[in-house]
Amino acid sequence: MRIRTLTGAVAAVLVLSGPVVGGQAAAVRTADSAAPSGETRVLTYDTGRAGEFASAVDRGAAVWNDSVAAVELRPVAPGEAADIRIVVVDGWPRTVPGGLGSGTVYFGREAVAEGHSTVRIAAHELGHVLGLPDRKPGPCSELMSGASAGPSCRSAQPNAAERAEVEEKFERAPAGLFM
């Protein structure tokens with residue numbers, strides 16, 4: 001969401017204007033500390049081992065960035081450790097979460113070979129890292145129904161309930177969780 005960039009800039013100006021409490025400067029959150037509840041949590045992902053699916057992962061991340069405000073997925077900076085690793089495998093896609101906002105996505109070629117949408121796979125698996133469980137069987141209108149919606153399903157958009165669940169999980173998460 002592009003509004004977050006403007007909102008972040010305005011917030012930064014307000015923070016840098018030097019909040020004062022009782023005649024002394026108040027503690028100002030540094031870039032290294034986690035965002036307080038209500039602010040966007042930034043998670044990084046690494047497509048270095050995503051092979052031919054790297055652009056699908058970027059598009060799946062963009063789906064979430066356009067759908068929720070509480071979390072933003074960004075490619076990891078060179079030399080930095082990522083919150084989310086993407087690894088291409090020959091089997092079925094799966095995710096091994098490492099806790100809310102972290103884990104490893106195994107992007108499976110088998111599902112792609114059967115005709116499933118690469119962007120839907122990416123958005124679905126990233127949904128697991130964002131705290132959503134599989135909801136199978138389910139209709140195409142539910143991103144977390146995954147492969148049970150069938151290979152003809154091309155929708156990579158989380159529905160309103162899925163978006164709300166991610167927003168709630170990240171807004172409730174302890175501040176130190178994303179440091």
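In what order do the elements of the protein chain run from the N terminus on? They run α-β-β-β-α-β-β-β-β-α-α-α, giving the protein chain 5 helices and 7 strands. Helices (H or I, at least four residues) and strands (E, at least two) are DSSP runs, numbered from the N terminus. This is a predicted model, in which local features need pLDDT of at least 70 and side-chain atom pairs count only at pLDDT 80 or more, while totals for chains, interfaces and linings use all residues. Residues are numbered from 1 along each chain as its sequence is written, and side-chain values use heavy atoms, with hydrogens and water left out.

**The chain as a whole**

- Of the 179 residues of the protein chain, 39% count as buried; buried means under 20% relative accessible area, exposed over 50%, and partly exposed in between (1.4 Å probe, protein chains only).
- Among contacts (heavy atoms within 4.5 Å) with a separation of 6 or more, 59% join residues 24 or more positions apart.

**Helix α4, residues 118–129**

- The 12 residues of α4 should span 16 Å at 1.5 Å a residue, and its end C-alpha atoms are 17 Å apart, which agrees. The expected span of a helix is 1.5 Å times one less than its number of residues.
- Because 11 of its 12 residues are buried, α4 is largely enclosed by the rest of the structure.
- The buried residues of α4 include V119, I121, H124, E125 and H128.
- The cover over the buried residues of α4 includes α2, β4 (71–75), β5 (84–89), β6 (94–99), β7 (102–108) and α3 (109–113).
- After α4 comes G131, with a positive phi near 100°.

**H128, a residue to look at in α4**

- H128 lies in helix α4 and is buried, with a relative accessible area of 13%.
- Its side chain makes a polar contact with the side chain of H124 at 3.1 Å. A polar contact is a pair of N or O atoms within 3.5 Å; within protein, one must be able to donate a hydrogen and the other to accept it, and residues adjacent in sequence count only if both atoms are side-chain atoms.
- A polar atom of the H128 side chain also lies 2.8 Å from the backbone oxygen of L132.
- Not counting residues up to four places away in sequence, H128 touches T95, P133, D134 and M144.

**The second largest pocket**

- This pocket has a volume of about 210 Å³. A pocket is found on a 1 Å grid over the protein atoms alone, as an open set of points where a 1.4 Å probe fits, with protein on both sides within 12 Å along at least five of seven lines; lining residues have an atom within 4 Å of a point. Grid points are joined across faces, edges and corners, and the volume is the space filled by probe spheres set on the points.
- Its lining holds 18 residues, of which P93, H124, E125, G146 and A147 lie nearest the centre.
- β6 and α4 each supply at least two lining residues, and α4 gives the most, with 5 residues.
- The lining divides into 6 nonpolar, 7 polar and 5 charged residues. Here Ala, Val, Leu, Ile, Met, Phe, Trp, Tyr, Cys and Pro count as nonpolar, Asp, Glu, Lys and Arg as charged, and the others, Gly among them, as polar.

**P97 in strand β6**

- P97 lies in strand β6 and counts as partly exposed, at 49% relative accessibility.
- The C-alpha atoms of P97 and G131 are separated by 8.4 Å, although the two residues are 34 apart along the chain.
- Leaving aside its neighbours within four places in sequence, P97 is in contact with S102 and G103.

**Helix α5 and its partners**

- Helix α5 (residues 160–172) has 13 residues and reaches 18 Å from its first C-alpha to its last, close to the 18 Å expected at 1.5 Å a residue.
- N159 caps the N-terminal end of α5, with a side-chain oxygen 3.1 Å from the backbone nitrogen of A161.
- E162, E165, V166, E167 and F170 are buried in α5, and the helix's buried residues pack against β3 (41–49), α2 and β4.
- F170 is buried at 1% relative accessibility, and its C-alpha atom is separated by 7.5 Å from that of R41, 129 residues apart along the chain.

**S67 in helix α2**

- S67 is found in helix α2 (residues 54–67) and counts as buried at 14% relative accessibility.
- The S67 side chain reaches the backbone oxygen of V63 at 2.6 Å.
- Not counting residues up to four places away in sequence, S67 touches Q157, P158, R163 and E167.
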